[in-house]
Amino acid sequence: MMMLDWIALGVFLLVWVGYDPLLGAIARQAGSLNNDMLVVRDAWMRAMTVRQLRLVDSQLMGHTIHSASFFASTNLILIAAVAGVLFGGENAIRGIMAISHEASPVRMLEGKLALVLLTLARGLLDFVWALRQLNYTVALIGAAPEIGDDVDRDAFGAAVGKVLNPALSSFNRGVRGYYFALAAAAWLFGSIWLLLSVVSVMALLLWRQSASPAAQAVRAARRMLER
């Protein structure tokens, strides 16, 4: 492995592992879409406890679980495809060598594929954990007190929000894994491509979190909810 490959791999790992802490630091200074959504979801769960008919909440949760299941299934298919190439023998590796722009040894190509596989595997674990927590949330919504019950609804809604928010944070990390898997796959075309891809992914994710129209709209809605 050449020095530039080591540098590109180090930058990738630094960005991949350090994205969450960096986003947290940025959120404390300027806010982020993820932090704003924490407030919005808490408000949703508090509003759920005072609704007599919770059909809308059930439909929204069903859509969320369906989305998480779809992404998890797609992730598993991608893992199987990459693993099939990685462990598929000499013919499969030759196919990858044909699209690679650099003359890399077989072990080097296997390492590049292993990085893609690792990013996808981490994403799958995030999706699985998100699904489990979403099912816990569904149970809590089903156990929400009726209108006539003498229960602290605000506290109950906050408790449900503390389950829903980590669930969707795990879902977000799983989706983010696709971005980093694409960046890792760019390594097959050379170390420069890996560097460019990981920097581009980082910039895109941070822009979507802080400056995209969606982030600005959610931030405006959060301010209205907090008044």
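Predicted model: local features only at pLDDT ≥ 70, side-chain atom pairs only at ≥ 80, totals over all residues.

Biologist: Which element gives the most to the nonpolar patch?

Modeller: Two elements give two or more residues to the nonpolar patch, namely α1 (3–30) and α7 (191–210). The element that gives the most, with four residues, is α1.

Biologist: How many helices are there in the protein as a whole?

Modeller: Read along the sequence, the pattern is α-α-α-α-α-α-α-α. The protein has zero strands, and its number of helices is eight.

Biologist: What does the C-alpha trace span along its principal axes?

Modeller: The span is given along the principal axes of the protein. For the C-alpha trace it is about 70 × 35 × 20 Å.

Biologist: How are helix α3 and helix α5 oriented to each other, roughly parallel or roughly antiparallel?

Modeller: Helix α3 covers residues 55–86 and helix α5 covers residues 106–142; their axes come within 9 Å and cross at roughly 160°. Angles over 145 degrees count as roughly antiparallel. Therefore α3 is, relative to α5, roughly antiparallel.

Biologist: How many nonpolar residues does the contact of α3 with α5 have?

Modeller: The crossing of these two helices, α3 and α5, is left-handed. Their contact has five polar residues and one charged residue, while the number of nonpolar residues is 24.

Biologist: Why are α5 and α6 described as roughly antiparallel?

Modeller: The axes of α5 and α6 come within 8 Å, and they cross at roughly 160°. The limit for this description is an angle over 145 degrees. The two helices, α5 and α6, are therefore roughly antiparallel.

Biologist: How many charged residues are in the contact of α5 with α6?

Modeller: The helices α5 and α6 meet in a left-handed crossing. Their contact has 24 nonpolar and seven polar residues, and the charged residues number two.

Biologist: What is the handedness of the crossing in which α6 passes α7?

Modeller: The axes of α6 and α7 are 8 Å apart, and the helices pack at an angle of about 160°. That angle makes α6 roughly antiparallel to α7. The crossing of α6 with α7 is right-handed.

Biologist: Which residue forms a salt bridge with D20?

Modeller: A search of the whole structure finds seven salt bridges. In the one formed by D20, the closest N and O atoms are 2.8 Å apart. The pair links distant parts of the chain, 156 residues apart, with D20 in helix α1 and its partner in helix α6 (residues 153–185). That partner is R176.

Terms used
Residues numbered from 1 in each chain as written. Heavy atoms only, no water. Axes fitted to C-alpha atoms, helices over the stretch in contact; angles between N-to-C directions. Parallel < 35°, antiparallel > 145°, perpendicular 65-115°, else oblique. Left-handed = near helix turned anticlockwise from the far one by under 90°. Nonpolar A, V, L, I, M, F, W, Y, C, P; charged D, E, K, R; others polar. Salt bridge = Lys/Arg side-chain N within 4 Å of Asp/Glu carboxyl O.
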